[in-house]
Amino acid sequence: MESFKDKLESLFNQYGVLKTFSRGDYLTREGETETSLYYIESGAVRAFYLSEHEESVIRLGYKGSIITSLSSFLTGRPSDLYIEAIRKTSTRILSKSALRELVNQDIDTLRQYTTLLEQTLIQQMDREIDLITPSPAERLERVLNRSPHLFQEIPLKYIASYLRMTPETLSRIRNS
Amino acid sequence: MQIASQTLIKELTSLTEHCTAIVAELHQRPESQLRRRPTPEAWNALECLEHLNRYGDYYLPAIEKAIIARPRLQAPPPFRSGWLGNYFANLMRVKETKVKKMKSPADKNPFGADVNVLAIDRFLKQQERLLVLLGDAANVDLVKARVAISIAPWIRIRLGDTLRFFVYHIERHVLQAKKAAESRDEG
């Protein structure tokens, strides 16, 4: 029996449009309206918020991840986020309209979409707790429990930003 | 110099908007132009803006702090320059004839730091914040409010002079950025 993850992957394989990005390409920029849901087949991306003073990574994605500028995707408002390919990345894209059609025509797809949303909500709650966890080592542990292969996929400086610490602190914690 | 608070804020706001417009236009140009160097050791446009961003990282919060620390006034007194603040402000001013060359402190020198194109987005956000702060500054005493300077925290200059210095510094490097983008690439 197909797992939820496999089902989702076949949905993207069947209906998704293939698009490749070079390192440094933006999937989405702040101000643009997001109409794509990306399934990452290979490569890695970071979603970040740019303030006056820094780029803050709020989401990392690599093989098997589904990523989008979620608020913009759901509301149609301009994106607050940038999504950048941090190396050559191959994606399958479901457009908002294609997704809507799929979800409306088939109850199984609707169930998958609902499960995906539920999982995303849970991830959001976990992340909220990450951010208020005082110990840097504990923040790292929480994230590694969710994504054991993170350091193989993503450069240290982006993981550090995601974890709200300097790259130096992150190195120190890993080495101790 | 002595000037009505409101007049000073108006002038600085106008100059800030002017600089924003220049950079907004640069933002439309191809990235290759933003990486042109007039000479091999000169900054490209992105580096000029990143330099400004680094000053903004220090001064925007410091200015905000100085404003918050002071009471709100309906009609603030006229602004009078302090001698040191006036010196810094005039140092930064772009004069008609030539622009004085100056060395930057090491941590504010972005040369070779591989500045990416987001430096422009970041600069434009800083400009928006600056406009808000200028608006807030219109209701405080620009003499009594003081800001510690980045190179020497024991030296605090009047907010009015800090704003002058900060805005003139921006003008200086924005013009430099535009020139670099329009130069022939020698770097």
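**Figure 1. Helices α4(B) and α6(B) are roughly parallel to each other, because their angle falls under 35 degrees.** The model shown is predicted. Helix α4 covers residues 83-92 of chain B, and helix α6 covers residues 159-182 of chain B. They pack at an angle of about 15°. Their axes lie 8 Å apart. The crossing of α4(B) and α6(B) is left-handed.

**Figure 2. Residues at the contact of α4(B) with α6(B).** From α4(B) come B:Gly85, B:Asn86, B:Phe88, B:Ala89 and B:Met92. They meet B:Asp161, B:Thr162, B:Arg164, B:Phe165, B:Tyr168, B:His169 and B:Arg172 of α6(B). Sorted by class, this contact holds five nonpolar, four polar and three charged residues.

**Figure 3. Chain B as a whole has six helices and four strands.** Along the sequence, these elements of chain B follow the pattern β-α-α-α-β-α-α-β-β-α. The radius of gyration of chain B is 17 Å. For 187 residues the globule rule gives 16 Å, which is close, so chain B is as compact as a globular protein of that length. The C-alpha trace of chain B spans about 50 × 30 × 30 Å along its principal axes.

**Figure 4. An open sheet of four strands in chain A.** The strand order is β1-β8-β3-β6 (chain A). Pairing is antiparallel. Strands β1 (17-21) and β6 (66-67) of chain A stand at the edges. Each has a single partner strand, so one side of each is left without a neighbour in the sheet.

**Figure 5. Strand β3 of chain A beside β6(A).** Strand β3 takes in residues 36-42 of chain A. Two bridges join β3 to β6(A), and the two strands run antiparallel. A:Tyr38 has A:Ile67 in β6(A) as its bridge partner. Strands of a sheet pair through backbone hydrogen bonds.

**Figure 6. Helices α1 and α3 of chain A against the sheet strands β3 and β8.** Helix α1 (residues 4-15) of chain A lies across β3 and β8 (89-95) of chain A. Helix α1 runs at about 85° to β8(A). Helix α3 (residues 96-105) of chain A packs on the sheet and touches β3 and β8 of chain A. The direction of α3 makes about 60° with that of β8(A).

**Figure 7. Where chain A touches chain B.** Five residues of chain A are in contact with nine residues of chain B. The chain A side of this contact has one nonpolar, two polar and two charged residues.

Methods: Residues are numbered from 1 along each chain as its sequence is written. Chains are lettered from A and ligands numbered from 1 in the order in which they are written. This is a predicted model: local features need pLDDT of at least 70, side-chain atom pairs count only at pLDDT 80 or more; totals for chains, interfaces and linings use all residues. Two residues are in contact if their C-beta atoms, placed from the backbone, lie within 7 Å. Ala, Val, Leu, Ile, Met, Phe, Trp, Tyr, Cys and Pro count as nonpolar, Asp, Glu, Lys and Arg as charged, and the others, Gly among them, as polar. Two strands pair if DSSP finds at least two bridges between them. Axes are lines fitted to C-alpha atoms, for helices over the stretch in contact, and angles run from 0 to 180 degrees between N-to-C directions. Angles under 35 degrees count as roughly parallel, over 145 as roughly antiparallel, 65 to 115 as roughly perpendicular and the rest as oblique. A crossing is left-handed if the near helix is turned anticlockwise from the far one by less than a right angle, and right-handed if clockwise. The radius of gyration is taken over C-alpha atoms; the globule rule is 2.2 Å times the number of residues to the power 0.38.
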